[in-house]
Amino acid sequence: MSASETVQTLAHLSDVHLPLVGFTPRTWRFKRLTGYINWQRKRRHVHRPETSEGLLADLSKRRPDHVAVTGDLVNLGLPAELEQARRWLERVGPPDHVSVVPGNHDIYVPFGHDPGLARWQAYMRSDAGPPGPCEGRPASTPDLAMGTFPYLRIRGRLALIGLCSAAPMPPFIAAGRAGEAQLTRLRQLLDETRRDGFVRVVMIHHPPIPGLASASKALRDADALGRVLAEHGAELVLHGHMHSATLVWWPSQHGSVPILGVPSASVTVQHDHEPLARYHWLRFTHTPSGPRIELEARGLCKPGGPVREITRFLLAPGTSYPPTVPLSEPTDAAEMSAQAVVSGKS
Ligand SMILES: [Fe+2]
């Protein structure tokens, strides 16, 4: 590394799905009942807290400059779950060290009079500027979408931009929406931070472009967000939601944009085609000619195994995640690359 180069590290984890707590008659809604049954029958065996704790311990030991958490910390958006997730976030790091965007499971139904995601607001706010409309008030969904998002945090040479794609949806629908107000502000933020020479990292729960999710799980205005990215560019977009490892290059007027999806941070046993728990370690080397971004995937290679390096490569236009290998492949090589399955369900 030359004297003119600097390095920053960013850890990305998503879809932790902490244990479901606080489902009571008072919090009952039909959609929550469907989610509760799904959790009791399947998901509680798949998303284990001891697994996400292992990833968190590994991540903490490496002392990243910043941590990005792209949603689905909880399951049914219950007040007790959101409280539990706030305590979990405090263990990940202080609010100026950790940036969060919500997922569809975090805003599962309207919050009504409950403070909802105001509990996490310190992790989802801009560095400066006038307070958003939801400051000091219960964070209803419109407030969250229209008021505090997108937020902008400057960390070294990185401009971290957080978008909210979560909104209450009918039962069995895991779709999302950004909304025109957020996209208008996003255009400004992308232009301003590019002009000022920052490396722009956009964080969102749902895949931000068309074609990466089925209709029931997709961002409903992915066409519009895809156009914003094509016209204004970004150096990196991070998302979760699909519980899979994906890297797609999206053409823009300012170079190809890597759209990077990380698997769930708590998957403990083989389930559908979902890789076992994983997080991404991103190393930015800022050079006079632009950023060089190296991706290291760390997580479980087999159920109950240690957290270790799964793969590592440079994000250069055209690169893709290692090819898919069937999870049942009985070789060591397969064990190392089996986690790169590029499909899955949330
Ligand atoms: Fe999700």
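Predicted model: local features only at pLDDT ≥ 70, side-chain atom pairs only at ≥ 80, totals over all residues.
Let's start with the metal. Which residues coordinate the iron ion? You've got Asp72 through OD, Asn104 through OD1, His205 through NE2 and His241 through ND1, at 2.1 to 2.3 Å. Now look at the angles: the 4 donor atoms subtend 84 to 170° around the iron ion, and that makes the arrangement irregular.

If you go back to the sequence, the donor residues are spaced D-x31-N-x100-H-x35-H. Take Asp72 and His241 from that set. Asp72 sits in the loop between β2 (66–69) and α3 (79–92), while His241 sits in the loop between β7 (236–239) and β8 (246–250), so this pair ties together parts that are 169 residues apart in sequence. Buried or exposed, those two, Asp72 and His241? Both Asp72 and His241 are buried.

Next, cysteines. How many disulfides does the structure hold? The count is 0. As for where two of the cysteines sit, Cys164 is buried, with a relative accessible area of 1%, and Cys301 counts as buried too, at 6% relative accessibility.

Last stop is helix α6, residues 222–232. Its buried residues are Ala222, Ala224, Leu225, Gly226, Val228, Leu229 and His232. And what do the buried residues of α6 pack against? That would be α5 (180–195), β6 (199–203), β7, β8 and β9 (257–261). Remember β7 and β8: the loop between them is where His241 lies. One more detail here: just after α6 comes Gly233, with a positive phi of about 70°.

That's it from me, thanks.

Notes. Residues numbered from 1 in each chain as written. Heavy atoms only, no water. Donors = N, O, S within 2.8 Å, 3.2 Å for Na, K, Ca; no water. Tetrahedral: all angles 85-135°; square planar, octahedral: opposite > 155°, others 65-115°. Helix = DSSP H or I, 4+ residues; strand = E, 2+ residues; numbered from the N terminus. Buried < 20%, exposed > 50% of the residue type's maximum accessible area, 1.4 Å probe, protein only. Disulfide = S-S within 2.5 Å. Contact = heavy atoms within 4.5 Å.
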